[in-house]
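This report covers a cavity and a pair of helices. The sequence and structure are shown first.

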Amino acid sequence: MKIIVPLRPRSTVDLERLLPQLDERVDIVEIWLDVLVQELMFAPGLVPVVQKLLEKTRVDFNVQFLGVCKMPSENGRFPGNKHQCIKVLQQFLQLGGNFVDLDVLQNSTEHIHLIPADKLWLSCHDFKTVPKNLPDVKDNMKTFKPAVFKFAVTPENASQLDEFITFAKQNSDTTIFTTMGKFGINGREQLKSYTYGAFYALSPDTTTASGQPSLADL
């Protein structure tokens with residue numbers, strides 16, 4: 001199981017502070033670009049600084065980098081449109097990022113195809129419930145041939161959690177399964193045997209989803 005640490009830096013200085021706190025247990029660092037990119041847009045001279053930070057961290061900790069750029073509808077803060085968001089993710093790959101994540105329900109087929117399949121994590125998020133049509137969603141996602149699939153859902157009750165775990169057992173091919181909300185902790189624990197990777201915050205005060213554990217819980 002891959003250990004993935006999400007970071008949501010407010011600035012380049014914040015990113016420089018957070019990255020050295022990683023350790024050898026971490027396989028992948030997910031960098032939320034929705035806030036950071038706003039600084040880079042006004043100070044493009046900082047772009048090489050970010051590139052050097054990524055290079056140094058890759059050498060120091062032997063990690064890969066996953067970029068996400070989320071709009072308010074995805075619980076993010078990126079102020080632009082979808083086309084601009086794709087441009088940010090493409091630039092992240094050019095800076096040395098290994099992968100980027102796009103939500104299949106939030107992005108058009110045209111936008112998804114703008115990211116190379118071998119660099120793409122294709123995800124499905126639901127912050128309110130567990131969708132009934134997850135098998136159909138997975139079939140649609142397969143048409144894009146992403147490197148990794150990801151499902152992040154919010155069970156409303158124990159029955160929904162059981163249904164999601166059954167879905168995970170049947171679809172564990174390079175797929176990440178995670179749960180949020182009041183059943184988040186329980187769900188993440190039960191999914192460890194089936195998920196390709198699990199998210200652990202750097203510390204309890206840097207979580208990016210409800211029910212998310214931190215590295216101290218490993």
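The lining of the largest cavity divides into 5 nonpolar, 3 polar and 5 charged residues (Ala, Val, Leu, Ile, Met, Phe, Trp, Tyr, Cys and Pro count as nonpolar, Asp, Glu, Lys and Arg as charged, and the others, Gly among them, as polar). The model is predicted: local features need pLDDT of at least 70, side-chain atom pairs count only at pLDDT 80 or more, and totals for chains, interfaces and linings use all residues. Residues are numbered from 1 along each chain as its sequence is written, and side-chain values use heavy atoms, with hydrogens and water left out.

A search of the whole structure finds 1 cavity of 30 Å³ or more (on a 1 Å grid over the protein atoms alone, a set of points where a 1.4 Å probe fits but cannot get out; lining residues have an atom within 4 Å of a point). The largest cavity holds about 70 Å³ of space. Among its 13 lining residues, C69, E74, D101, L102 and D103 are the closest to its centre. Two or more lining residues come from each of α4 (82–94), β4 (99–103) and β5 (120–125).

The axes of α7 (residues 158–170) and α8 (residues 184–191) come within 11 Å and cross at roughly 25°. The two helices are therefore roughly parallel to each other (angles under 35 degrees), and their crossing is right-handed. The table lists the residues in contact (heavy atoms within 4.5 Å).

| Helix | Contact residues |
|---|---|
| α7 | L161, F164, I165, A168 |
| α8 | N186, G187, Q190, L191 |

By class, this contact has 5 nonpolar, 3 polar and no charged residues.

Notes. Axes are lines fitted to C-alpha atoms, for helices over the stretch in contact, and angles run from 0 to 180 degrees between N-to-C directions. Helices (H or I, at least four residues) and strands (E, at least two) are DSSP runs, numbered from the N terminus. Angles under 35 degrees count as roughly parallel, over 145 as roughly antiparallel, 65 to 115 as roughly perpendicular and the rest as oblique. A crossing is left-handed if the near helix is turned anticlockwise from the far one by less than a right angle, and right-handed if clockwise. On a 1 Å grid over the protein atoms alone, a cavity is a set of points where a 1.4 Å probe fits but cannot get out, and a pocket is an open set with protein on both sides within 12 Å along at least five of seven lines; lining residues have an atom within 4 Å of a point. Grid points are joined across faces, edges and corners, and a volume is the space filled by probe spheres set on the points.
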